[in-house]
Amino acid sequence: MSETIHFPRHLILAGAMAAGILLALAVHMLGARYGLDLGGLWQSDGAFMPAGSAIAWWLIATVGFSSGYFIANIMHSAVSGEIPQRARNFLVVVGVLMLAGIGQAISGPSPVPSAAGVLAGLAVLCLGALMAFCGAHFALRKS
């Protein structure tokens, strides 16, 4: 029988955070392509915040948190030997195909002006990092 291998929790946390940030950025880019503008919060025309902006913020926060949580669980299970080798290979292939599809979908020119796009990207980075950290922390605390 093989012994259970324990991986440093900080390494799992860092990997889950990195994956959560990347997925949050990918969702932001796809949302911008389909008209979900994050910049609706900063418009000063006195009107209510557009629903597309609120949906974009909640979608990015949800993807960051859930991807951090699930990836930390998967990484912890894979290291401890609870996931068979075939399932690990399948997850790697699915991840690569998802990232290739997202890359192809966002390869066109951006509909958002460059200064607003940079600010929105930085906001997504911060929100994705915070939510991915929270999700990964809860997953590692549970295990």
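Q: What percentage of the 143 residues in the protein are buried?
A: The structure is a predicted model. A residue counts as buried when its relative accessible area is under 20%. In this protein of 143 residues, the buried share is 29%.

Q: Which element of the protein has the highest mean pLDDT?
A: Over the protein, the mean pLDDT is 79, and 80% of residues reach 70 or more. Among the elements, the lowest mean, 78, belongs to H3. The highest mean, 87, belongs to H2.

Q: Which helix gives the most residues to the lining of the largest pocket?
A: The largest pocket holds about 540 Å³ of space and is lined by 15 residues. At least two lining residues come from each of helix H1 (9-33), helix H2 (51-79) and helix H3 (85-105). With seven residues, the one that gives the most is H3.

Q: How many residues in the lining of the largest pocket are nonpolar?
A: Nearest the centre of the largest pocket lie Ala19, Ile71, Ile74, Leu91 and Gly95. Of these names, Ala, Ile and Leu belong to the nonpolar class, while Gly is counted as polar. For the lining as a whole, one residue is polar, one is charged, and the nonpolar count is 13.

Q: Is Asn73 buried or exposed?
A: Asn73 is found in helix H2. Its relative accessibility is 18%, and the cut-off for buried is under 20%. Asn73 therefore counts as buried.

Q: Which residues is Asn73 in contact with, leaving aside its neighbours within four places in sequence?
A: A contact needs heavy atoms within 4.5 Å. With neighbours within four places in sequence left aside, the contacts of Asn73 are Ala139 and Lys142.

Q: What kind of aromatic pair do Tyr69 and Phe70 form?
A: A search of the whole structure finds two aromatic pairs. In the pair of Tyr69 and Phe70, the centres are 5.5 Å apart and the angle between the planes is 80°. Planes over 60 degrees apart count as edge-to-face, and the pair of Tyr69 and Phe70 is edge-to-face.

Q: Why does Tyr69 count as partly exposed?
A: Buried means under 20% relative accessible area and exposed means over 50%, with partly exposed in between. Because its relative accessibility is 22%, Tyr69 counts as partly exposed.

Conventions
Residues numbered from 1 in each chain as written. Predicted model: local features only at pLDDT ≥ 70, side-chain atom pairs only at ≥ 80, totals over all residues. Heavy atoms only, no water. 1 Å grid on protein atoms, 1.4 Å probe; cavity = no way out; pocket = protein on both sides within 12 Å on 5 of 7 lines; lining within 4 Å. Points joined across faces, edges and corners; volume = space filled by probe spheres on them. Helix = DSSP H or I, 4+ residues; strand = E, 2+ residues; numbered from the N terminus. Phe/Tyr/Trp six-rings, centres within 6.5 Å; stacked < 30°, edge-to-face > 60°. Buried < 20%, exposed > 50% of the residue type's maximum accessible area, 1.4 Å probe, protein only. pLDDT = per-residue confidence, 0-100.
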